[in-house]
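Reader: Hello! I am new to reading structures. Could you walk me through one kind of feature, step by step?

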Amino acid sequence: MANDYMISRDALKALNRDGLVSRAYGNENVSFLNRFNGLGTNASNEKLYAFYQDQIEVKYDAASGIATLKVKAFDPSEAQAINLRLLDQAEALVNRLNVRGREDLISYSSAEVTDAKEKARAAALALSDYRNREGVVDPEKQATVQLQMISKLQDDMISTKTQLVQLQMLTPQNPQVPVLRARIAELNREIAAQTGLVAGNQKSLAASAAQFQRLQLESQLADRDLGAAMTSLQEARNEARRKQAYVERIVQPSLPDNASAPKRLRGIISTFIVGLVLWAISSMLLAGVREHSD
């Protein structure tokens, strides 16, 4: 990432913000054959970028994870300045990407927590509104109480009927017989009323239980989602702290005290040899022309 950036157009644009690259490679004191835009005919950004690419070399060793940046320039101090600035820019880029990645990760998790909180709040309010509207705290628990009450009334009913049967068998004219019959009728009405509260109509606890259970389940699921979202947020924060890339300078850019180019002696010898070859070829051609003329 940082390696590709250093040879990119964006890197060149930032590097040349004060004309450092243009001055370094377009120095008029350098031979027009070597410097950028030596003939003064094309100083476009594309031409500068093409020239820049020839002067910057980045080698990356995948085994060690070490990248080597080499900058060529006509002046050693300018080469060092370009190298230093490129390293600063690459480090700033990595830091920006770290910050952006961390912020994006945490921002996404925070949005999930906010959404989960809103859903949990809405589910809790819906359950609370239902309880207030229907006058029911927990239909299942209330139904259990009602069933216990019905069971007790039924026990009283059995006991009263037993007493009535005994009195009718022993003393049919006993004045308690009408009283027991009235009590049995009252118990029947009470049992029917209590049974109606548990089941049998739209306002019964059984009818309320389905809606209550749905709202309660929604509230529980929303609370569970909220807990999971908060856990994810904490994990995202931990992951953001762990996963960071760094640019560590193992060796600082050096200031060379000896030019690596041009190779003057090699150039002179090469020119001399090429000249001899051209002279020999020319001599042979001239000799052939003269011989043909004779």
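**Reading salt bridges**

Author: Gladly. Please keep in mind that this is a predicted model. The general idea is that side chains of opposite charge can pair when their charged atoms come close. Here, the side chains of Lys59 and Glu57 meet in a salt bridge, with 3.3 Å from N to O.

Reader: How many salt bridges are there?

Author: The count comes to five salt bridges, including the one between Lys59 and Glu57.

Reader: Which residue pairs with Asp18?

Author: Asp18 forms a salt bridge with Arg85, and their closest N and O atoms are 2.8 Å apart. This pair links distant parts of the chain, 67 residues apart: Asp18 is in the loop between helix 2 (9-15) and helix 3 (20-25), while Arg85 is in helix 5 (residues 76-134).

Reader: Why does Arg85 count as buried?

Author: Buried means under 20% relative accessible area, and Arg85 counts as buried because its value is 18%. Asp18, at 41%, counts as partly exposed.

Reader: Where do Lys119 and Asp115 lie?

Author: Both are in helix 5, four residues apart, which is about one turn of the helix. Lys119 and Asp115 form a salt bridge, with their closest N and O atoms 3.4 Å apart. Lys119 counts as exposed at 53% relative accessibility, and Asp115 as partly exposed at 41%.

Technical notes. Residues are numbered from 1 along each chain as its sequence is written. This is a predicted model: local features need pLDDT of at least 70, side-chain atom pairs count only at pLDDT 80 or more; totals for chains, interfaces and linings use all residues. Side-chain values use heavy atoms; hydrogens and water are left out. A salt bridge is a side-chain nitrogen of Lys or Arg within 4 Å of a carboxyl oxygen of Asp or Glu. Helices (H or I, at least four residues) and strands (E, at least two) are DSSP runs, numbered from the N terminus. Buried means under 20% relative accessible area, exposed over 50%, partly exposed in between (1.4 Å probe, protein chains only).
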